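Subject: Structure handover

Hello,

Please find below the structure I am passing on to you. My notes on what was found in it follow.

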Amino acid sequence: MSFTNLSLVSQTDAFPYADVDPAAYLARVNTYYQLRVAGHDYALGYVLPSVAEVFRGTPGWDLDDAERILTLSAGSDADSRSAAVETSLLALRATGHFKVLDKWRGELYAVYGRDKELLFRVERAASPLFGVVTYGVHLTAYTRDEVTGEIKIWTPRRAKTKQTYGGMLDNAVAGGISAGESPFESLVRECAEEASLGEELVRSRVKAAGTVTYWYVRDERAGGETGLLQPEVQYVYDLELPKDVVPKPGDDEVEEFYLWSVEEVQAAMARGEFKPNCSLVVLDFLIRHGILTEAKERDFIEIVSRLHRRLEFPTL
């Protein structure tokens, strides 16, 4: 089976658009519960009914079936709310109720309000249960031929033992942004851990290239429960490497790196070998570098638009 570029986008940006298909959007939204924090009258994410039901009667949580709202009522600041969330999640993990909690990482993600204030922190593995916006960094590392200008892209294969999307292709460096960590510092750390790229090299040569945003609906490849919502903001970076610099796995998350031509990367994408959101980052790179153009891509305008989706929840 061969995937078009638009179908690759649709795999990752899978939630209906309110302005494109209002009926489909409302049909989906009306099946979920809004996640809110007490004192804040807006949604931070959407929660499956089966997830919301688990919090019925749980201390620190209020479930309103009429309005379809799950409210975190415990705590009055970020620290106390975070503690309440952790207590609930640790109890659920102990019972083995949610499979996603089997992948507990001990890493906290930040959840922000409309004024960009930190409302609470949540264990990374649990964030899809609440449908909150999460943040990450993705780096495209590449080389350019000095004579022809041909670009080749460093493409790693994820370890088959990795918790999610094992054995699939990835961007050169990618990782989640922990609470309290800036995107750039997260990138520097991930470059060392995943690709053995030195701090001085990264800080001196990397270029920020904006963000890619989408609304993912988790499938079986993500591990754990399916249908959980995962709106994401990925800060993307480009790093043109000298010919003598070769990325190498710095941990057990990557099996090996390939240096592929653009055509080889596109062929692998068409075969569905890339982790879904990584295809979006590659497409964004190809567009920004003038490789994928409106003349070459029938769905160019829609693809560009959907790589930068406006999320309806608070973001940074």
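**Salt bridges**

Asp-13 and Arg-306 form a salt bridge in which the closest N and O atoms are 3.2 Å apart. A salt bridge here is a side-chain nitrogen of Lys or Arg within 4 Å of a carboxyl oxygen of Asp or Glu. The two residues come from distant parts of the chain, 293 residues apart: Asp-13 is in the loop between helix H1 (5-12) and helix H2 (22-29), and Arg-306 is in helix H10 (residues 300-306). Helices (H or I, at least four residues) and strands (E, at least two) are DSSP runs, numbered from the N terminus. Asp-13 and Arg-306 are both buried, where buried means under 20% relative accessible area, exposed over 50%, and partly exposed in between (1.4 Å probe, protein chains only).

Before going on, note that this is a predicted model, in which local features need pLDDT of at least 70 and side-chain atom pairs count only at pLDDT 80 or more, while totals for chains, interfaces and linings use all residues. Residues are numbered from 1 along each chain as its sequence is written, and side-chain values use heavy atoms, with hydrogens and water left out.

Asp-13 also meets Arg-309 in a salt bridge (2.9 Å, N to O). Arg-309 lies in the segment after H10 and Asp-13 in the loop between H1 and H2, so this pair ties together parts that are 296 residues apart in sequence. Arg-309 is buried, as is Asp-13.

Another salt bridge joins Glu-193 to Arg-189, with the closest N and O atoms 3.4 Å apart. These two are four residues apart in helix H6 (residues 183-195), so about one helical turn separates them. Glu-193 counts as partly exposed at 34% relative accessibility, and Arg-189 is partly exposed with a relative accessible area of 27%.

Salt bridges that share partners join Asp-13, Glu-302, Arg-306 and Arg-309 into one network. The count of salt bridges comes to 21.

**Largest pocket**

The largest pocket has a volume of about 770 Å³. On a 1 Å grid over the protein atoms alone, a pocket is an open set of points where a 1.4 Å probe fits, with protein on both sides within 12 Å along at least five of seven lines; lining residues have an atom within 4 Å of a point. The volume is the space filled by probe spheres set on the points.

The lining has 43 residues, and Arg-105, Tyr-109, Arg-124, Thr-164 and Lys-275 lie nearest the centre of the pocket.

Regards
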